[in-house]
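Q: Could you walk me through reading how helices and strands pack in a model like this one?
A: Gladly; let us look at it together.

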Amino acid sequence: MDTNQEIALTQLRKSVEKLGSSTDSYGEKTLMRFLIARSMDSEKAAKMFVQWKKWRAEMVPLGYIPDCEAADELAAEKVYLQEMTKNGHPVMIVKVNKHFASKDQLQFKREPWSNWMLMITVNDKVSIDTFASYAEFVVHLLDKTIASSFKGREIGNEKLIGILDLQNITYSNVDARGLITGFQFLQAYYPERLATCYLLNMPQFFVTVWRFVCRFLEKTTQEKIRIVTNEEQKEEFIREVGEDVLPEEYGGRAKLVLLQDVAVNY
């Protein structure tokens with residue numbers, strides 16, 4: 001750690017204390033994630049850290065969300081958790097064709113894109129409170145994925161690789177709010193936890209949906225997303241993730257492992 005980082009960490013701790021909170025029990029690597037997420041601005045990082053602590057205390061009082069509280073989403077068998085890459089990143093795979101938005105959410109329909117975007121923007125605000133059960137599932141899968149990389153204990157700078165497989169999706173699988181919520185959780189409450197997110201098998205109709213979703217993503221998040229569309233990109237994807245980790249259907253040698261079949265120590 002260089003001198004500038006040490007100074008920033010000291011300023012962060014002081015700023016957190018001024019906000020009535022504490023960094024006790026949190027190591028340098030954890031605190032650095034918040035500084036990096038806020039471009040090394042100690043005051044902004046301190047505010048983000050305090051908000052995160054409050055959110056964790058309210059949202060995850062046990063320190064994790066047990067399987068029973070995410071049972072409905074887990075039953076869809078749409079999320080898989082693989083081994084770690086050579087860089088130590090656990091790999092989470094989501095088969096989007098097994099996901100369906102809640103009935104009370106605005107459904108994607110075959111209609112002019114401008115009309116659909118207007119409806120979701122005006123009449124359908126992205127709110128965590130609106131779909132608490134989905135939010136709990138997002139926290140469950142992110143916490144479990146990160147915890148799967150712990151080697152005895154959390155270091156604080158663990159990252160994950162996400163793979164969104166869009167193979168064979170239909171209009172009923174499109175959940176813009178779900179995507180936005182997932183990424184906004186990563187941005188607000190899991191700073192610097194995402195190493196890379198790969199989008200595979202994207203159909204043409206989803207391109208406009210994705211452009212809309214990107215409006216809600218920070219630039220740093222968008223820079224970590226890779227859309228795999230050709231053979232060269234696929235080869236690079238396999239090389240970066242690793243054949244020993246990727247399931248056979250994605251060019252690797254591993255088997256798919258359901259999220260609920262993986263045991264972790266939080």
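Q: How many bridges join S1 to strand S2?
A: First, the ground rules: this is a predicted model, where local features need pLDDT of at least 70, side-chain atom pairs count only at pLDDT 80 or more, and totals for chains, interfaces and linings use all residues. Residues are numbered from 1 along each chain as its sequence is written, and side-chain values use heavy atoms, leaving out hydrogens and water. Strands (E, at least two residues) and helices (H or I, at least four) are DSSP runs numbered from the N terminus, and two strands pair if DSSP finds at least two bridges between them. Here 4 bridges join S1 to S2 (residues 90-95), and the two run antiparallel. Leu81 stands opposite Met92 in S2.

Q: What is the order of the strands in the open sheet?
A: The 5 strands follow S1-S2-S3-S4-S5, with mixed pairing. S1 (79-84) and S5 (225-228) each have a single partner strand, so one side of each lacks a neighbour in the sheet.

Q: At what angle do the axes of H2 and H3 cross?
A: Two packed helices are described by the angle between their axes and the distance between the axes. Axes are lines fitted to C-alpha atoms, for helices over the stretch in contact, with angles from 0 to 180 degrees between N-to-C directions. H2 (residues 28-37) and H3 (residues 42-59) have axes that come within 8 Å and cross at roughly 120°. That makes H2 oblique to H3 (under 35 degrees is roughly parallel, over 145 roughly antiparallel, 65 to 115 roughly perpendicular, the rest oblique).

Q: Which residues of H2 meet H3?
A: Leu31, Phe34, Leu35 and Ala37 in H2 meet Ser42, Ala45, Met48, Phe49 and Trp52 in H3, contact meaning heavy atoms within 4.5 Å.
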